Amino acid sequence: GKLEPRRNIPFLLTVAKKAIECHADIHFTIVGTGEEHYLERIMPLIDKLARTGQLHYWTKATQAELRNVYQNADLMLFPSNYEIYGMVLMEAMYFGVACISSMNGGAASLIENGTDGMILESFDTDQWVGAIDELRQDHNRLNVIKKNAETKIKTGYTWDRLVPEFTERYQKAKL
């Protein structure tokens, strides 16, 4: 992914730090790179958390590696300040990852809050860590959210599902 200011990485790292302090068994993975000046600002924070052994940082991942990251994750945190559309959310949901997201275009388009993900209205660290804790403690709810997310994307947002609809709309518009 792209590590950039709108992705709110310092906030994400603050949430990760607090969650790591509370849970010895929690692990975070960040994949991406960005502009040098931004990386200079956030890398000390990433490096500090990486030294705990509970944060793993990759600059790049192949599609197979990324698939593996998603398949081994229960949650994805997405505190983006703004998103036009949620491709990253869609990818995670496709693999059955429960997403905790800020309110943004992608989250509003894809997530039904509490059903197939969670949308948090503020950038309050305690609220985000609380949402993580809530899903970690209620495995049944977590599993329902994960399954609902996967089902939503696989039944409504794949090319096999959308191409016939796009083609039909195109044909009607052409007439």
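Predicted model: local features only at pLDDT ≥ 70, side-chain atom pairs only at ≥ 80, totals over all residues.

Q: Which residue does Glu83 meet in a salt bridge?
A: A salt bridge here is a side-chain nitrogen of Lys or Arg within 4 Å of a carboxyl oxygen of Asp or Glu, and the structure holds 14 of them. Glu83 is in the loop between strand S3 (75-78) and helix H4 (87-94), and its partner, 77 residues apart from it, is in the segment before H1; helices (H or I, at least four residues) and strands (E, at least two) are DSSP runs numbered from the N terminus. Glu83 is buried at a relative accessible area of 8%, where buried means under 20%, exposed over 50% and partly exposed in between, with a 1.4 Å probe and protein chains only. The side chain that meets Glu83, at 2.9 Å from N to O, is that of Arg6.

Q: Which residues are linked with Arg6 in a network of salt bridges?
A: Arg6 itself counts as partly exposed, at 21% relative accessibility. The network joins Arg6 to Glu4, Arg7 and Glu83.

Q: How many residues apart in sequence are the parts tied together by Asp74 and Lys146?
A: Asp74 and Lys146 form a salt bridge whose closest N and O atoms are 2.7 Å apart. Asp74 is partly exposed at 40% relative accessibility, whereas Lys146 is buried at 15%. Because Asp74 lies in the loop between helix H3 (63-71) and S3, and Lys146 in helix H7, the parts they tie together are separated in sequence by 72 residues.

Q: Is Asp116 buried or exposed?
A: Asp116 is found in the loop between helix H5 (105-110) and strand S5 (118-120), and its side chain makes a polar contact of 2.6 Å with the side chain of Lys152. A polar contact is a pair of N or O atoms within 3.5 Å; within protein, one must be able to donate a hydrogen and the other to accept it, and residues adjacent in sequence count only if both atoms are side-chain atoms. A polar atom of the Asp116 side chain also lies 2.7 Å from the backbone nitrogen of Glu112. With a relative accessible area of 2%, Asp116 is buried.

Q: At what angle do helices H6 and H7 pack?
A: Helix H6 (residues 125-137) and helix H7 (residues 139-156) have axes 5 Å apart, the axes being lines fitted to C-alpha atoms over the stretch in contact, with angles running from 0 to 180 degrees between N-to-C directions. Their packing angle is about 100°.

Q: Where is Asn8, the residue with a positive phi?
A: Most residues other than glycine have a negative phi. Asn8 has a phi near 60° and is buried, with a relative accessible area of 13%. Its place is in the segment before helix H1 (9-22).

Key: Residues numbered from 1 in each chain as written. Heavy atoms only, no water.
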